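Hi,

Here is the structure I said I would pass on.

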Amino acid sequence: MTRGEIVAKVNALMHEGFEIPMEKLKPEATLFDELKLDSLDAVDMLVHLEEKLQIKVDAERLQAVRTMEDVYTLVADLAG
Amino acid sequence: MKVHITGMGAMSSLGLGVGEFFEGLKAGRTGITARPEWKQYVGLHSHLGASVPAYDITQIPRSARRTMSRMSELAVVATLEAVRGADLLPGHGIGGGKSTPRIAICLGSTSGSPDTLETYFRKLIERGGPEGQMGTTFFKVMNHSVAANVAAALGFVGPVIAPSSACSTSAQAIIHGWELLQTGLYDIVIAGGADELHYTSAAVFDVVLAASRGFNDRPDEASRPFDSRRDGLVVSEGAGVVVLETEASARARGVRSHAELAGGAVICDANHMSQPNGEAMDTVMRLSLERARLQAEDIGYFNAHATATVQGDREEAQAVRRIFGDRVPVSSLKGHLGHSLAACGALEAIACVKMLEESVLIPTRNLQEIDPECAGIQHLQALEKRSFRHAISTNFAFGGMNTSLVVSGIN
């Protein structure tokens, strides 16, 4: 996947799964403070990422994710 | 201590809210429709059900909705209607106001969400373990899911109690709410129950030959309490919630009472898991009258549990005859609503209040030819305009559960 494809897919997933307006899904947006997600959402985000992007995410690595850019980078690494 | 019903909320197969619910009852409508998609389930013979029409849940923030199954959503919407009607929103501890531990929640369901349970276990078995399970799933299937989700969504900080006794759940919740208020420890109890339609609910009754099988092509005629041609119940879904409040609290807040919850009783026959027990029915009816400080002669309407099973309707009709003779008009609302399981007791209590308020008696739908074994009581077969003062409502459930409550009109 190109970075553009990853950004589009992750943003669509975040919009559909967590009802976050598309305009708020910017690389610098922080998941917990700005996008109002919490630890319960993070677990569900992991499941969405794995199922919709066909990747396997290490839960410990997910804990280090802070921003949308971190999510894009994580997916890019795992998707190869 | 006098207990008043100061708010009511209903989500039923007849519509959204108490207004649509009662208009549907008066119009003699039913929410039961054919479920041809259930034919795929091997061994299931009842292909009928009644579901709540489409509703809007977006008024609840996503952070609260994410842990709700359909039954919790129904309960939240019904509770919102009930608390708004009781003038509890905003500023009295709900919806952003400052809450108080003197308001208790007592809401139950038959089980956690069957739809979510199916999804959870299907995935668990397919994957051989918990891989891929959502973090929010458990909160939809835990036994107190309905009560906990209502509390979280609406901001209650008092006790959250989640009774569960299948088909008598919400009646039990209301009666225990009445008992809680008798202690003087609480001002208000928000009580009721909810369940969601799922084929496994039909299967539970189908397996023990208690679900309707012979009317799959005629859903309108399927649920027929006390009728000679009845062949079992039809499952449905919904939520019924009432705001129970002490007279002192209602007066202090200046809120209108719809009716008095005069008393109620819950007993177990401790005899059989599925068979109805006439002796226990007699006992619970008498006990509820005693707690309401009324005699059988005072009752002007009897709302029967009667789900259209062969045995249950017969036992209940005979119990009514033993206690009330043929003097009291009797009807069941299962012909309209189907059997909404954990919601039915509260929905039927709300219907009793509306009948008291509007001086009207709702007949048993589809009761065309009274089964001789259900005879000897005053069956309502047509809508009647009639003023009355006290109504009694019974509910029974697997596990030997027997409940009876009495509501009284104001003035």
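This is a predicted model: local features need pLDDT of at least 70, side-chain atom pairs count only at pLDDT 80 or more; totals for chains, interfaces and linings use all residues.

Staying with chain A: it has four helices and zero strands, giving the pattern α-α-α-α along the sequence. Its C-alpha atoms fill a box of roughly 30 × 25 × 20 Å along the principal axes. The radius of gyration is 11 Å, which agrees with the value near 12 Å that a compact globule of 80 residues would have. If you look at contacts between residues at least 6 apart in sequence, 55% of those in chain A join residues at least 24 apart.

Where do the two chains meet? Five residues of chain B are in contact with eight residues of chain A. On the chain B side, the residues that touch chain A divide into one nonpolar, three polar and one charged.

Now for the cores. The largest nonpolar core has 124 residues, and the ones touching the most other members are A75(B), L107(B), I174(B), V242(B), L244(B) and V407(B). Helix α14 of chain B (residues 344–358) supplies the largest share of this core, with 10 residues. There is also a second, separate core of 10 residues, which includes M45(A), L46(A), L74(A) and V75(A).

Setting aside neighbours within four places in sequence, the contacts of L107(B) include A75(B), V146(B), V150(B), A173(B), G193(B) and V241(B).

The other bit I'd zoom in on is strand β15 of chain B, residues 390–397, where eight of the eight residues are buried. In a regular strand the side chains alternate between the two faces of the sheet. Here H390(B), I392(B), T394(B) and F396(B) point one way, while A391(B), S393(B), N395(B) and A397(B) point the other way, and all are buried.

What pairs with β15(B), and in which sense? Strand β10 of chain B (residues 301–304) runs parallel to β15(B), joined by three bridges, and Y301(B) stands opposite A391(B). Strand β16 of chain B (residues 401–408) pairs with β15(B) in the antiparallel sense over eight bridges, with A397(B) opposite M401(B). β15(B) and β16(B) form a hairpin with three residues between them. In that turn, G399(B) has a positive phi of about 95°.

Cheers

Methods. Residues are numbered from 1 along each chain as its sequence is written. Chains are lettered from A and ligands numbered from 1 in the order in which they are written. A residue is buried if 20 or more other C-beta atoms lie within 10 Å of its own, exposed if 12 or fewer, and partly exposed in between; C-beta atoms are placed from the backbone. Helices (H or I, at least four residues) and strands (E, at least two) are DSSP runs, numbered from the N terminus. Two strands pair if DSSP finds at least two bridges between them. Two residues are in contact if their C-beta atoms, placed from the backbone, lie within 7 Å. Ala, Val, Leu, Ile, Met, Phe, Trp, Tyr, Cys and Pro count as nonpolar, Asp, Glu, Lys and Arg as charged, and the others, Gly among them, as polar. A nonpolar core is a set of buried Ala, Val, Leu, Ile, Met, Phe, Trp, Tyr and Cys residues joined through C-beta atoms within 7 Å. The radius of gyration is taken over C-alpha atoms; the globule rule is 2.2 Å times the number of residues to the power 0.38.
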